[in-house]
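This report goes through a few local features of one protein model, part by part. Please keep the sequence and the structure in view while reading.

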Amino acid sequence: MEVIIKSDKAEASKLGAKIIARLIRQNNKAVLGLATGSTPLQLYKQLVRMHQEEGLSFKDVTTFNLDEYVGLESDNPCSFYSEMHNNLFCHIDMAKGATHLPDGMAENIPDSCAAYEAAIAAAGGIDLQLLGIGHDGHLAFNEPGSSLASRTRLKTLSQKTIKANSRFFGSEDKVPRHVMTMGLSTIMAARQCILLAFGMDKAEAVRDMIEGPVSASCPGSILQFHERTIVLLDPEAASKLRRKQYYLDVYASKPAWQLWD
Ligand code: F6R
């Protein structure tokens, strides 16, 4: 894992957007894996800005989102479909049919999950997967205890995640209990991952993910086995890392050709 600690969330988000823009400029047919939640919002704003001001085009890009709630119509304001549409897709030039989310209204969930995996494979696999991390270390909606070999499937949210996500729904009892989520093995198959984490409340999960043992108890820790993962942090999220100074030293002394910004 490459751990990069920036001065704040805005700088970390800018760097994440730059890495994605660089990939799209090198490969206009890039396949992106996208995340929802609060964490990637500033990065999405940067991508929109780059589209509007710097001519970054998404017209040949394909996207696959990590997850979706089961039982929410796509036009429900709390669905991840709505979130992605409002925060990114409606502001850029993605082609119709090029954005994909698991179908939370599918009648046959196992078949729909298998079809999602097949669609990712048919697109050539994910070039770059954007990720956040939950307070309990979850990756996508792979809650602690999830199989490290899992693929897209139905999962039940933990009480901790229901509580955290109730801010979008107004109350805990309105949060759907089930989700469809890419599995940990689906995520690990991406050719590159960028994980963003911000704020003091993510510091423990970040420490366990980067410096703890690889374990289903902290699903994010599986990224220690990923060959090309960049973790972009603000100082608060990095505050519990034992090797924090080392990560800062590595970044400060990088040869110019290795720098991302
Ligand atoms: C969202 C997702 C989740 C979030 C995580 C953090 O698609 O897969 O794993 O990344 O719950 O959420 P925020 O960013 O809201 O703290």
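## Aromatic pairs

The structure holds 6 aromatic pairs. Rings of Phe, Tyr and Trp (its six-membered ring) count as a pair if their centres lie within 6.5 Å; planes under 30 degrees apart are called stacked, over 60 edge-to-face, and the rest tilted. The model is predicted, so local features need pLDDT of at least 70 and side-chain atom pairs count only at pLDDT 80 or more, while totals for chains, interfaces and linings use all residues. Residues are numbered from 1 along each chain as its sequence is written, and side-chain values use heavy atoms, with hydrogens and water left out.

How far apart are the ring centres of Y69 and F80? The distance is 4.7 Å, and the planes stand at 40 degrees, so this pair is tilted. The two residues come from distant parts of the chain, 11 residues apart: Y69 lies in strand β4 (residues 67-69) and F80 in helix α3 (residues 80-87). Helices (H or I, at least four residues) and strands (E, at least two) are DSSP runs, numbered from the N terminus. Y69 has a relative accessible area of 1% and is buried; F80, at 5%, is also buried. Buried means under 20% relative accessible area, exposed over 50%, and partly exposed in between (1.4 Å probe, protein chains only). Y69 and F80 form one aromatic cluster with F141 and F169.

Helix α1 (residues 9-26) packs against helix α2 (residues 41-54) at an angle of about 50 degrees, and their axes are 8 Å apart. Axes are lines fitted to C-alpha atoms, for helices over the stretch in contact, and angles run from 0 to 180 degrees between N-to-C directions. The angle makes α1 oblique to α2. Under 35 degrees counts as roughly parallel, over 145 as roughly antiparallel, 65 to 115 as roughly perpendicular, and the rest as oblique.

Which residues make the contact? On α1 they include K9, A10, S13 and K14, and on α2 they include Q42, L43 and Q46. Contact means heavy atoms within 4.5 Å. The residues of this contact divide into 7 nonpolar, 4 polar and 5 charged. Here Ala, Val, Leu, Ile, Met, Phe, Trp, Tyr, Cys and Pro count as nonpolar, Asp, Glu, Lys and Arg as charged, and the others, Gly among them, as polar.

## Helix α7 and E211

In helix α7 (residues 203-211), the buried residues are A203, A205, V206, M209, I210 and E211. Their cover includes β1 (2-5), β9 (193-197), β10 (229-233) and α8 (244-252).

E211 has a relative accessible area of 10%. Leaving out residues up to four places away in sequence, E211 touches Q224, K240, L241, R242, R243 and Y247. E211 and R243 are 32 residues apart in sequence, yet 8.4 Å apart in space, C-alpha to C-alpha.

## Other buried residues

Q129 sits in strand β6 (residues 128-131). Is Q129 buried or exposed? At 0% relative accessibility, Q129 is buried. Among the residues that Q129 touches, not counting those up to four places away in sequence, are G33, L34, L66 and M182.

D234 is in the loop between β10 and α8, and at 5% relative accessibility D234 is buried. D234 and M200 are 34 residues apart in sequence and 9.1 Å apart in space, C-alpha to C-alpha.
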